[in-house]
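Hi,

Here is the structure I said I would pass on. Have a look at it first, and then read my notes below.

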Amino acid sequence: MLDNVVFGSYYPIDSKVHTMNPISKIICTLLFVFMIFLSNDIKIVSLVFILSILLCEMAHIPKRIYGKTIKSLKVIILFVILIYYFTGLGIDNILMTIMRLIGIVLYTTVITLTTPPTEITYGLQKVFSPLNLIGLPVNKISLSISLALRFIPTIIDQGNKILKSQASRGVDYSNSNIIGKFTALKSMLIPMFILTIRRADTLAESMQIRMYNINAKRTNYRLNKWGIFDTFLFMLHFIVFGLMITRMVI
């Protein structure tokens, strides 16, 4: 039931996207999100969507993982189609909304699959470091995002174990009615929530034992250098961003 969720997992493999500087990944992600949500031109949205497909190809991650990600969106996509159908909006709006949804999910999935959580924290801290000047705790926000991403696979694993244990006790998720599904879901969420809280408490205690200080100056395990591929991907995003601004002005 939860096998389609791959967001937050790191997939170690040899590719150019894996070796990118996390700072360039964060910058490209911000540009991508800005372009795909603010553009109302179907040509620009299609171009940005192709950009996400191109990134998926360069990451060399198996296609079945992307298939699982898209499969998990089928209910949302069907809901969007029904809303646009009953509101009488054009086919262009439906296509743009679907491309936005799939594009942003695929792009962020590639970023999390090709970047360890610690590197995501490093990239967020460097990119948003100017916000420290206005008193925003960038280090705490970056650490919170990193821990949240790291906990996603753990929560999914716990949920799958609970589902299997309940299925062995006779709980039928596939053939039960709506009320039965809600009852089974409630019986799964409560123990999963309790187990997640316990894991969080254990992590907090281990960080305290190791005297972790969020405000201390920290070094990075990896030597992150800005390479040629970082420049290439950044310029590719910047060119598409320039095209979007030009289309909006004209």
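At what angle do H6 and H7 pack, and how far apart are their axes? The angle is about 155°, and the axes are 9 Å apart. Axes here are lines fitted to C-alpha atoms, for helices over the stretch in contact, and angles run from 0 to 180 degrees between N-to-C directions. H6 and H7 are therefore roughly antiparallel to each other (under 35 degrees counts as roughly parallel, over 145 as roughly antiparallel, 65 to 115 as roughly perpendicular and the rest as oblique). Their crossing is right-handed; a crossing gets that name if the near helix is turned clockwise from the far one by less than a right angle, and is left-handed if anticlockwise.

Before I go on, a few ground rules. This is a predicted model, where local features need pLDDT of at least 70 and side-chain atom pairs count only at pLDDT 80 or more, while totals for chains, interfaces and linings use all residues. Residues are numbered from 1 along each chain as its sequence is written, and side-chain values use heavy atoms, with hydrogens and water left out. The helix names follow DSSP runs (H or I, at least four residues; strands are E, at least two), numbered from the N terminus.

**Helix pairs**

Back to the crossing of H6 and H7, which is right-handed. On the H6 side the contact (heavy atoms within 4.5 Å) includes Pro-117, Ile-120 and Leu-124, and on the H7 side Val-138, Leu-143 and Leu-149 are among the residues involved. By class, the contact of H6 with H7 has 7 nonpolar, 6 polar and 1 charged residues. For the classes, Ala, Val, Leu, Ile, Met, Phe, Trp, Tyr, Cys and Pro count as nonpolar, Asp, Glu, Lys and Arg as charged, and the others, Gly among them, as polar.

Next come H2 (residues 42-59) and H5, packed at about 25° with axes 9 Å apart. H2 and H5 are therefore roughly parallel to each other, and their crossing is left-handed. Among the residues that meet are Phe-49, Leu-55 and Cys-56 in H2, and Met-99, Tyr-107 and Ile-111 in H5. That contact of H2 with H5 divides into 15 nonpolar, 4 polar and 2 charged residues.

H1 and H9 (residues 228-249) cross at roughly 20°, and their axes come within 10 Å. That makes H1 roughly parallel to H9. This crossing, too, is left-handed. Ser-24, Cys-28 and Phe-32 are among the H1 residues that meet H9, where the partners include Leu-233, Phe-234 and His-237. In the contact of H1 with H9, 11 residues are nonpolar, 2 polar and 1 charged.

**Empty space**

Rolling a probe the size of a water molecule over the atoms shows where empty space is left. On a 1 Å grid over the protein atoms alone, a cavity is a set of points where a 1.4 Å probe fits but cannot get out; a pocket is an open set with protein on both sides within 12 Å along at least five of seven lines, and lining residues have an atom within 4 Å of a point. Points are joined across faces, edges and corners, and a volume is the space filled by probe spheres set on them.

The count comes to 1 cavity of 30 Å³ or more. The largest cavity holds about 30 Å³, and its lining includes Lys-25, Leu-55, Tyr-107, Ile-111 and Leu-233. H1 gives the most to this lining, with 3 residues.

The second largest pocket holds about 210 Å³. It is lined by 12 residues, with Ile-26, Thr-29, Ile-111, Thr-112 and Ile-120 nearest its centre. H1 supplies the largest share, 4 residues, and H1, H5, H6 and H7 each supply at least two. The lining has 9 nonpolar, 3 polar and no charged residues.

Cheers
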